[in-house]
Amino acid sequence: MGIKDLKNKIQQKIKNNNFFQSKFGFESGIDITNDNQVLYRKNVVIKNIVFVSNLIYTLIFTIISFSEPSNWLLTVLLFPVTFIVNSGLKKMINKGPEDKMAQIIAMYISSFYLFLSTIVIYIKLKVGESTYLQECGYILLYYSLAVCAFYQDKKMLKNVFLWVFIIVTILHFTVTYSLLNTNMATNISEFISKFFVSNEFKDIFIRTILLLLFMLVLYISVAMANYMQDERKKELMKRRQVQEDFTNVVTKIFDVTLSSNELSSDERNNIEILALMAKKLGSLLGLKPDACERIYNFTRIHIEKKVYFDKDYYNNEDDKFEALRMETELGSELISRLQLERKCEDIIRATFEGSNTDDFVKKMRDIQSNMESQIILICDIYVSMRSVKSYKKAYNHKLTMNYLEEHFKIYFDPVIFDRFVRFSSDFENIYNEM
C-alpha cells in the first residue's frame with residue numbers, strides 16, 4: 001500500500017468516525033451540567049436509533065414477505081409509518097434544548113414507539129407462518145427496553161417497565177400460547193388447577209422471571225449511572241465555581257502586580273541589552289542553544305507578554321480551563337521575572353545604602369538561586385550599574401567591574417562570576433553597541 005493510499009484510508013476512517021460521532025455519539029459541545037442540553041442530545045441519538053430500528057423492522061417484514069406474500073401490503077405500509085414517526089420526532093426535537101417540554105414528550109414518544117413497534121412485530125411473527133422467526137420478536141422486546149434505558153431516566157423507565165410487564169403478560173396468555181382459546185377447562189377453577197401444572201405455565205413463569213430480572217438489572221444500571229452523573233455534575237459545578245473564583249482572584253493579582261510595569265524607552269532598551277548579555281553568558285558557560293534562547297526570552301518576557309483572561313471568548317469548558325492554566329503559568333513566569341528584577345534592585349540599593357548585612361545576603365542568595373537566574377542577575381547588575389538610578393549615578397565599565405569584584409561577588413556561583421569577569425570586554429561591547 002502506497003503512502004497516498006494509506007493517507008486516503010486514514011482520512012476515510014476519520015470521516016467515518018466523525019459521522020458515527022455526530023449521529024450516535026455524545027458530542028463534546030454538550031454541557032453535561034445542563035439537563036436540557038443532555039436530554040436534547042439523547043433525543044437526537046435515540047431518534048437515529050429509532051430510524052435504524054425501523055429499517056431493521058422493514059428488513060424483517062421483507063424477508064417474511066418472500067415466504068408469505070400476504071405480508072407485502074404490511075411491509076409497504078411500514079414505510080409511511082416510519083416516515084411519519086421520524087418526521088414527528090425530528091420536528092419536536094429540533095425545537096431545541098430550550099424547549100424542555102418538547103424534549104420530554106419526544107423522549108416518551110420514542111420509548112413507547114420502540115416498545116409498541118416490537119409488540120406489533122412480535123405478534124406478527126408469532127401468528128405468522130414463519131416459525132423460524134417467532135422468537136426474534138421476543139428478543140426485540142429486550143432490545144427496546146435496552147434502548148429506553150439509554151435515557152437514564154428512572155421515572156420514565158418505571159412507567160415503561162409497568163406497561164411492558166402488563167402488556168407482555170397479556171401477550172403470554174393471548175398470543176404466545178392462546179390459553180384463553182384452549183379447551184384446558186370448562187370453568188375458572190378447573191383452568192387454574194390445570195394451568196399451574198402445565199408446561200405453558202412453566203414457560204410463562206420463566207419468561208416473566210427473566211424479563212423482571214432484566215428490568216431490575218437495567219434499573220440498577222440506570223440508578224447507578226444517575227448517581228454517578230449527579231455526583232459528576234456536582235463536582236464539575238464546584239470546579240467551575242472554584243475556577244471562576246480563582247480566575248477572578250488571579251486576574252486581580254496580576255493586574256495589581258503587573259499594571260505598574262510601564263517601562264520607558266530607555267528601560268526597554270536596557271532590557272534588550274540585558275537579554276543579549278544573558279544569552280551570551282549562557283553560551284560561554286556551555287549551555288545548549290535552546291537553553292540560551294529560553295534565557296533570552298525569559299529575560300525580556302515582561303516587555304513581550306501580558307496576562308489576559310477572556311472568559312467570554314471560550315464556549316468549551318475544557319478550552320477555558322486550558323486557557324486559564326496557560327495564562328496562570330504565564331503570570332507565574334512574569335512574577336518570577338519581576339522578582340528577579342526586584343532582587344537586582346534590592347542588592348544594588350542595599351550596597352549603596354550600607355544595609356547589605358549577612359542576613360540580607362543570605363536572604364538574597366536564597367531567592368531564585370538556580371543557574372539561569374544567576375546568569376540574568378549578574379547581567380542585570382552590570383546594566384543597572386551602567387545606568388542612572390535615583391540613588392546613584394551611571395558608572396563606566398571599569399568602575400562597574402570593580403563594584404562587582406568588591407561587593408557583588410558573594411551573590412553568585414564562582415564559575416558564573418569568573419566567566420563573566422573573564423569575558424567582561426564582550427559584555428562591554430554589547431552594552432556600548434546598543
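Biologist: What is the volume of the largest pocket?
Modeller: This is a predicted model; local features need pLDDT of at least 70, side-chain atom pairs count only at pLDDT 80 or more, and totals for chains, interfaces and linings use all residues. Residues are numbered from 1 along each chain as its sequence is written, and side-chain values use heavy atoms, without hydrogens and water. A pocket is an open set of points on a 1 Å grid over the protein atoms alone, where a 1.4 Å probe fits, with protein on both sides within 12 Å along at least five of seven lines. Probe spheres on its points, joined across faces, edges and corners, fill the volume: about 640 Å³.

Biologist: Which residues lie nearest the centre of the largest pocket?
Modeller: The lining has 24 residues (an atom within 4 Å of a point). Those nearest the centre are Asp-35, Lys-42, Tyr-151, Gln-152 and Asn-226.

Biologist: Which helix gives the largest share of that lining?
Modeller: Helices here are DSSP runs (H or I, at least four residues), numbered from the N terminus. Helix 2 (35-67), helix 4 (100-127), helix 6 (154-176) and helix 8 (199-258) each give two or more residues to the lining. The largest share, seven residues, comes from helix 8.

Biologist: How do helix 14 and helix 15 pack: parallel, perpendicular or oblique?
Modeller: Helix 14 (residues 371-386) and helix 15 (residues 397-408) have axes 10 Å apart, at an angle of about 130°. Angles under 35 degrees count as roughly parallel, over 145 as roughly antiparallel, 65 to 115 as roughly perpendicular and the rest as oblique. So helix 14 lies to helix 15 at an angle that is oblique.

How values were computed:
Axes are lines fitted to C-alpha atoms, for helices over the stretch in contact, and angles run from 0 to 180 degrees between N-to-C directions.
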